[in-house]
Amino acid sequence: MLKYIMILILFLLVATNIASANPASEDSNISVTSLDKILQLEKGFTTTSTAWSPNGQHLLVTCSKFVPPSKNIVKHYLLDTNSHTFGEINYGINESDTNGILDAKWIPSGNKIYFEVSKVDRTGSGYCFVICNPDGTNLKCVGTDYTDLSAVMKNVGNIGFQRNPNWNLDSSKIVFEWEKPGNHSPGVYIVGGNGTNAHELPSATYPKPVFYDFNKIFIVKDEGTVELINESGDLIQTFQPKNEGEQYCAFLLSPDRKKIIFASGSPGSYNLQTYICEIDGSNLKGNISYNEDLWVNESWQPKGSLLLVNQNRNLYIVEGDENNKRLLYEGNASEPQWFPDGKKILFVENGNKLYSIDVDGTNLSFITSFGPTYSYLWRYFDKGQHFSISPSGNLIAFMSAFDSVTGRMIENNDIYKFDIAAPLFIINSDGSNLTQVTPAVKGRFDTCISWSPDGKQFTTGFATYTDPGWDYGDSSIVRVNSENSSSIWKNLPVKEIIKSEGSGTVNKVQISEPDSKNTSQVSKSKEASNQSPSFMFLQLFVCIMSIWLLHKSKEL
């Protein structure tokens, strides 16, 4: 009898351990570091945006603080993720005069930064671009004579409205729209990479200028055509719709500049169809897709010219010299996106299952199930994605509805149910090693904003449900492999951070020992126990039953 009782006890203990196993594991090599703690932000400031440099070493961070009744104090920071140093960028103005400064970003070459300045006022509104070195020096308001930010802030209303900046392939020139005061439509202007020597090109009401190469520019004309011009404004080529009565309203170049797609429709209609052709205008094909919003169903292959189309939840590839449309996947697909190498496609099937498929239609692979969430929660962020693939293609970060009691994803979640937790997870692209990155907090939704170009870390954003509204912010840096990584960050003037790189002394920055004045100790995030209260109660119950059974065995 004792033998059978011991077998029963062993079975209960094993069953308990199996039941309490969490499908999402912890990884001690992952560190989650709060940007607020790194920057030692004053009370009231919150991180609003982040931007990685093209080489992945530096991170631009924009922080702001609301000051009633209608102003913001804005600060820009530069972080060096190699040396763990950071500093506030000094533009030479008082923080009380920063209202209207927007997010800091990198120009494509990564040697300069830029940001927008906005003013809405009955006496004079405006919107302009400012470009400068990463330490705030050599500042220039694009296309103007202003080289001092305080002067820019005072004269935004006299500058007008600048929009849609676009750099040529080596970042030596910028083309943009500029509606000057007194004008009712924008002009197209081109300037040097430092914002100087502006001159006007032929324009239209909504030109959307884009560089084709170093000195050729595409623009949309009022007649419903797209023109390719040189930097002097001379016409090189005109692209026009195939059918009479249609007009092109937008275009998108393939990354390798070999093909171009157009959005076409009748005047006053919101029903658009997509055309595709070679960059010289040959092999024009229509009926690629139909939609009311631009480019929601089409995406170019990274560094290539294959076009991925989601039409009626079926996936197609448009390819070849004849731009033929090939069925890739038939089902209930949504949110398709390319892997960085352009060889595979990630997509969601039936709203809650993640798959990948090779571009030739082979190797359809299930990755994981997840809990659906409201799309606005990640689309709020400029670069936020529901599913974000690392540059290497090996990892996928994603948000999922999560039950913190059971420790499992809510695969049948109502997307309009906001009183749940939606932490961030990462998983290998082959479906292995599902890992929970951020803690499950009821009412909080975490999303991946952007990966560093080397794929070693990424920034996160969050949305917190506070009935009847939402709070948003970029919150943390997640380092995927934090082994031998210091948790000490040192506050330095940005000029010293930049200078230390040039002199080759960046590795001499002291980050191993905390300094009470200019360093902040940031601990690595640790998840709470994976065992929920219900599982802990089950284990307690099994222990009590085991003691009782042993006691009964002695009586026998």
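Biologist: In which sense do E16 and E17 pair, and over how many bridges?

Modeller: This is a predicted model. In it, E16 and E17 are antiparallel partners joined over four bridges. Leucine 228 has glutamine 237 of E17 as its bridge partner.

Biologist: How many residues lie between E16 and E17 in their hairpin?

Modeller: There are four residues between E16 and E17, and glycine 233 in the turn has a positive phi of about 95°.

Biologist: What about E15 and E16, how many bridges there?

Modeller: E15 and E16 are paired over five bridges, in the antiparallel sense. Lysine 216, for instance, has asparagine 230 in E16 as its bridge partner. The hairpin of E15 and E16 has five residues between the strands, and glycine 224 takes a positive phi near 85° there.

Biologist: Which strands make up the sheet, and in what order?

Modeller: It is an open sheet of four strands, ordered E14-E15-E16-E17, with antiparallel pairing. The edge strands are E14 (210-211) and E17 (235-239), each of which pairs on one side only. E14 is joined to E15 (residues 216-220) by two bridges, and valine 210 stands opposite phenylalanine 218 in E15.

Biologist: Why is E16 described as largely enclosed?

Modeller: Strand E16 (residues 226-230) has four of its five residues buried, so the rest of the structure largely encloses it.

Biologist: Which residues is tyrosine 91 in contact with, leaving aside neighbours within four places in sequence?

Modeller: Tyrosine 91 is in contact with His76, Ile113, Phe115, Cys132, Gly136, Leu139 and Leu149.

Biologist: I am also curious about histidine 58. Is it buried or exposed?

Modeller: Histidine 58 counts as buried because its relative accessibility is 6%, and the cut-off for buried is under 20%. Histidine 58 lies in strand E3 (residues 58-67).

Biologist: What does the side chain of histidine 58 make a polar contact with?

Modeller: The partner is the side chain of aspartate 80, at 3.5 Å. The C-alpha atom of histidine 58 is also separated by 9.6 Å from that of glycine 110, 52 residues apart along the chain.

Biologist: A question on cysteines: how many disulfides are there?

Modeller: The count comes to zero disulfides. Cysteine 448 is buried, with a relative accessible area of 1%, whereas cysteine 249 is partly exposed at 30% relative accessibility.

Biologist: Where is the cis peptide bond?

Modeller: The bond from proline 68 to proline 69 is cis, with omega near 5°. Proline 69 is in the loop between E3 and E4. Most peptide bonds are trans, and most residues other than glycine have a negative phi.

Biologist: Which residue other than glycine has a positive phi near 60°?

Modeller: That is asparagine 197, which lies in the loop between E12 and E13 (199-201). Asparagine 197 is exposed, with a relative accessible area of 67%. Arginine 313 likewise has a positive phi, of about 70°, and is found in the loop between E23 (307-311) and E24 (314-319). Arginine 313 is partly exposed, with a relative accessible area of 41%.

Biologist: Finally, how many helices and strands are in the protein?

Modeller: The protein has six helices and 40 strands. Of its 556 residues, 50% are buried.

Conventions. Residues are numbered from 1 along each chain as its sequence is written. This is a predicted model: local features need pLDDT of at least 70, side-chain atom pairs count only at pLDDT 80 or more; totals for chains, interfaces and linings use all residues. Side-chain values use heavy atoms; hydrogens and water are left out. Buried means under 20% relative accessible area, exposed over 50%, partly exposed in between (1.4 Å probe, protein chains only). A polar contact is a pair of N or O atoms within 3.5 Å; within protein, one must be able to donate a hydrogen and the other to accept it, and residues adjacent in sequence count only if both atoms are side-chain atoms. A disulfide is a pair of cysteine sulfur atoms within 2.5 Å. Two strands pair if DSSP finds at least two bridges between them. Contact means heavy atoms within 4.5 Å.
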